[in-house]
Amino acid sequence: MAASVRYLLKPWTPSLCFVRWSRYNPYYLDPDPSKDAVPESELSPEQKELQELKTVRPIKAALSSDTSSPFNDPLMSKFINMMMEDGNKILARGIMTQTLETIKRRQVEKYHKSPAAKREEVECNPYAIFHQALENCKPIIGLASVQKGGKFYQVPVPLTDNRRRFLAMKWLITECRDNKHRRTHMYEKLSQELLAAFANEGNVVKRKQDLHKMAEANRAYAHYRWW
Amino acid sequence: MNLHKLASRLRPTVTQKFRHFHIQGSGQQLEAVVGETSSAEPSLLSVFRTSEQDPACHSERHTGQYYTIPPAHIQKLFPHGLPPRFQLQVKTFNEGCVMVRPPALELISYLKRVDYSKPPLRYILYGDTGSGKTLSLCHALHYCYTQGWLILHIPDAHLWVKNCKELLPSSSRPSRFDQPIQASQWLKNFKITNERFLSKVQLDRYVWTKRESTEEGRPLGELVDQGVNRMKSSSDVVGAVLRELRLQAGGATDGEGAFKLAVAVDGVNALWGKTTLKKEDKTMCEPEELTLIHNLRKMMKNDWSGGAILTALSQTGSLFKPRSAYLPNELLGEEGFDNMEPFVPVSVPNYSEKEFESCYLYYLDRNWLQHPHSRSEEGKKELIFLSNKNPSILERLCAFL
């Protein structure tokens with residue numbers, strides 16, 4: 001086993017040389033850019049194993065959009081990559097920062113204008129709002145098209161975490177791109193949708209709830225799933 | 001504000017008293033100071049707000065501290081004068097706070113000591129992009145307003161040399177061009193700022209068209225209304241207003257007629273640069289051929305008395321100037337420099353350590369820095385590194401953190 005794995009590790013140079021190759025041997029570990037070093041004694045046995053693995057195994061090259069600063073948020077990076085078109089990361093990141101600023105401005109204004117009793121309830125942190133809104137948009141169960149006896153049925157199916165996160169982000173972005181007024185900026189549309197999703201209102205949450213209802217309605221076909 | 005009040009503030013046990021001073025000072029705001037001020041650790045001993053609201057009493061003791069401009073003053077004095085991002089900040093924080101910084105204090109101290117029977121001194125605020133020139137100018141203007149001067153504020157001269165939708169040939173002179181929209185907009189804002197001076201009597205007779213003319217001895221308010229209502233002649237009205245004020249500023253003897261004139265122009269390098277406006281035969285317009293610019297240039301000459309000319313350079317809106325240019329020589333060009341000389345240059349640097357500290361604490365107090373890492377020591381060091389203590393870059397960074 002070790003020999004076959006070692007064979008895959010042989011330095012194989014492709015005829016076309018790419019600058020940054022995104023398909024790695026699964027032997028390679030993901031890089032961890034954060035600076036926090038937890039002391040030895042606080043680690044659980046699995047984490048200690050992971051640390052030892054890191055000293056032995058090769059690690060993939062870090063992406064140029066990841067920083068070692070705690071300001072770096074992997075969920076935010078994923079969302080920015082999904083919003084990006086034609087590789088224009090600068091524009092996508094600019095839109096995201098403007099969105100965060102708009103959300104914060106609205107909430108801080110509300111905070112300063114509300115009486116002292118209500119101030120605790122106003123959430124001003126745009127990152128917390130973004131994370132919570134995304135959570136509120138994630139569907140729990142999805143539908144898959146299964147063919148049985150010549151017909152296709154919509155079968156309720158569990159979703160993996162990655163798929164749920166992907167669906168939530170995709171719905172947010174398509175909602176903002178398609179269903180809003182033509183002349184509004186993307187950051188305005190996004191901030192409105194995010195604030196609505198944070199309060200469990202708005203079109204994206206409605207779409208998630210419609211999906212849940214469809215899955216509930218098609219409950220009878222659940223046994224068509226074989227995986 | 002006297003010395004022993006300040007000394008009592010700096011004593012570490014007295015954070016409660018400090019809160020009391022702050023609430024007293026900014027009278028109208030009812031917000032309680034949030035618990036973050038107790039986190040202005042006693043070891044730092046930095047006090048970022050001052051209760052001294054009158055710019056005339058600001059001195060070196062108040063450097064780095066924020067003072068609040070009353071909302072009534074903001075509405076009257078700055079209908080168009082504040083930078084757009086600062087206006088957003090005023091709206092978000094529900095208060096308009098400006099930091100007291102050395103360049104503004106320098107300007108105000110000059111304004112206090114000058115002899116106003118002599119021709120006016122020209123002050124030029126220069127510095128790197130985003131270092132606080134416009135806000136220092138606004139601070140000095142607030143001082144002039146509280147002293148009862150007549151304010152002539154052109155918020156950005158660059159707006160008059162570019163992006164003009166309507167460029168009409170002048171009604172009075174054949175080789176000039178008028179900009180009715182910009183002129184009438186400016187006259188409206190001038191009216192809001194200087195309400196109490198509008199009953200001043202004017203001297204000469206002006207003829208606008210065959211049937212319209214303004215007689216001698218009519219109040220200034222009527223002239224301004226004429227410009228706002230009749231868009232066609234608004235640029236000429238601006239010229240007439242400038243001329244009248246120039247003649248009358250030092251002219252009248254002490255008593256009810258006397259007033260001091262503060263001419264404040266931001267982006268003064270636009271007056272001697274190039275324009276992006278085209279004439280009907282598709283050739284470029286010179287700034288000299290625009291009525292508004294021509295009259296403003298006349299205002300910049302120091303052949304009148306009884307006031308001061310406060311200006312600030314600006315690379316951000318300028319045309320055909322490199323991004324790295326910030327010195328008066330580079331931005332004004334030869335012609336501009338010769339026209340403006342002799343002037344008093346006032347340099348506006350980036351924040352010092354103390355000022356940065358103060359700005360950071362202000363944002364913490366206003367609940368603006370939300371990211372948990374930005375509230376820690378390493379986060380602060382990161383902010384210093386990323387912004388190089390430049391006020392506008394720091395503001396833009398903290399906006400999304």
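**Entry 1: polar pairs.** I began at the boundary of the two chains and found 10 residue pairs in polar contact between chain A and chain B, both partners at pLDDT 80 or more. A reminder to myself: this is a predicted model.

**Entry 2: which parts of chain A take part.** I looked up the helices next. In chain A, helix H4 (89–113) and helix H5 (126–137) each give at least two residues to the side that touches chain B. H4(A) has the largest share of that side, with 10 residues. I then sorted the side of chain A that touches chain B by class and got eight nonpolar, four polar and six charged residues.

**Entry 3: charges.** How many salt bridges does the rule find across the interface of chain A and chain B? I noted three. One that I looked up joins B:Lys91 to A:Glu109, with 3.6 Å between the closest N and O atoms.

**Entry 4: extent.** I counted 18 residues from chain A and 25 residues from chain B in the contact. The buried area between the two chains comes to about 2100 Å², and carbon and sulfur atoms give 58% of it. On the chain A side, A:Phe71, A:Arg105 and A:His112 supply 35% of the area buried against chain B, more than any other three residues.

**Entry 5: cores.** I turned to the largest nonpolar core, which has 58 residues. Among those with the most contacts inside it are A:Phe79, A:Met96 and B:Tyr363.

Note on methods
Residues are numbered from 1 along each chain as its sequence is written. Chains are lettered from A and ligands numbered from 1 in the order in which they are written. This is a predicted model: local features need pLDDT of at least 70, side-chain atom pairs count only at pLDDT 80 or more; totals for chains, interfaces and linings use all residues. Side-chain values use heavy atoms; hydrogens and water are left out. Contact means heavy atoms within 4.5 Å. Buried area is the accessible area (1.4 Å probe) that two parts lose on being put together, summed over both. A salt bridge is a side-chain nitrogen of Lys or Arg within 4 Å of a carboxyl oxygen of Asp or Glu. A polar contact is a pair of N or O atoms within 3.5 Å; within protein, one must be able to donate a hydrogen and the other to accept it, and residues adjacent in sequence count only if both atoms are side-chain atoms. Helices (H or I, at least four residues) and strands (E, at least two) are DSSP runs, numbered from the N terminus. Ala, Val, Leu, Ile, Met, Phe, Trp, Tyr, Cys and Pro count as nonpolar, Asp, Glu, Lys and Arg as charged, and the others, Gly among them, as polar. A nonpolar core is a set of buried Ala, Val, Leu, Ile, Met, Phe, Trp, Tyr and Cys residues joined through side-chain atoms within 4.5 Å. Buried means under 20% relative accessible area, exposed over 50%, partly exposed in between (1.4 Å probe, protein chains only).
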